[in-house]
Amino acid sequence: GIDSEGNLRDERHLIMPIPDHQATMANEGEVITLRQVKSHPLDGYVDTIDWVLNGLVTDGQKRIGWISVDNALTNQPLTPNIHELFRLYVATIGLLYTRQIADDLLHEREIRYRAITEASTDIILIVNRDMVMTYVSPSLKVIMGIDPKNIIGRSVLDVIHKDNIKETQRVLQQCIQLPQLH
């Protein structure tokens with residue numbers, strides 16, 4: 001992950017600051033560390049290039065953490081395909097995280113909204129563009145003696161007094177035209 005100072009921090013909480021010279025080698029949100037090392041297979045020393053890709057995961061506004069990949073086990077060169085796959089993986093993790101946060105927030109708002117509408121003493125109706133009721137608050141049962149389950153899916157005009165139907169249709173048509181509903 002990443003701490004509040006912008007340093008990498010591993011699962012053991014060890015801090016690994018990113019030097020400025022490495023950060024300047026970075027594309028947006030990416031640090032590539034390359035170093036040449038001597039390895040010694042059975043037949044002598046061989047020059048190899050170790051690489052580490054560190055990708056900054058964001059939610060679009062703030063840092064969430066880092067993902068790292070290296071060639072320590074495979075000793076394979078960093079190819080454009082590996083680099084692009086890593087970049088896409090980091091971006092996908094950021095998008096999935098952002099989506100989960102949005103889903104959690106939506107769920108919290110739904111719970112809050114339901115608590116308000118369920119406890120209200122007013123009759124609350126949600127009507128779709130076809131003027132069909134998709135939600136009716138439980139207060140309908142208390143105030144009018146009608147079980148909300150019996151009228152969900154019906155036209156709101158079915159429960160409006162006949163003298164008020166034209167005015168109700170006019171008001172609902174105006175509401176449907178509001179830009180906020182598109």
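This report walks through a few local features of a predicted model, from its surface to its charged pairs.

## How to read the model

Because the model is predicted, local features need pLDDT of at least 70 and side-chain atom pairs count only at pLDDT 80 or more, while totals for chains, interfaces and linings use all residues. Residues are numbered from 1 along each chain as its sequence is written, and side-chain values use heavy atoms, leaving out hydrogens and water.

Ile 123, Leu 125, Val 142, Ile 143, Met 144 and Ile 146 make a nonpolar surface patch of about 530 Å². Patch residues have over 30% relative accessible area and no salt bridge; nonpolar side chains (Val, Leu, Ile, Met, Phe, Trp, Tyr) are joined within 5 Å, and like charges within 9 Å. The areas come from the Shrake-Rupley method with a 1.4 Å probe, and for residues only the protein chains shown count as cover.

Helix α3 (residues 139-144) gives the most to this patch, with three residues. Helices here are DSSP runs of H or I with at least four residues, and strands are runs of E with at least two, numbered from the N terminus. Met 144 is found in helix α3 and counts as exposed because its relative accessibility is 51%. The cut-offs are under 20% relative accessible area for buried, over 50% for exposed, and in between for partly exposed (1.4 Å probe, protein chains only).

## Thr 117, a buried residue

Now for the inside. Thr 117 is found in helix α2 (residues 80-119), and at 3% relative accessibility it counts as buried. Thr 117 touches Ile 124, Tyr 135, Ser 137 and Pro 138, not counting residues up to four places away in sequence; contact means heavy atoms within 4.5 Å.

The backbone oxygen of Arg 114 lies 3.2 Å from a polar atom of the Thr 117 side chain.

## Charged pairs

Side chains of opposite charge can pair when their charged atoms come close. A salt bridge is a side-chain nitrogen of Lys or Arg within 4 Å of a carboxyl oxygen of Asp or Glu, and the count comes to six.

One of them joins Glu 84 and Arg 87, with the closest N and O atoms 2.7 Å apart. Both residues lie in helix α2, three residues apart, about one turn of the helix. Another salt bridge links Arg 170 and Glu 167 at 2.5 Å, N to O; this pair lies in helix α4 (residues 165-176).

Definitions and conventions: A polar contact is a pair of N or O atoms within 3.5 Å; within protein, one must be able to donate a hydrogen and the other to accept it, and residues adjacent in sequence count only if both atoms are side-chain atoms.
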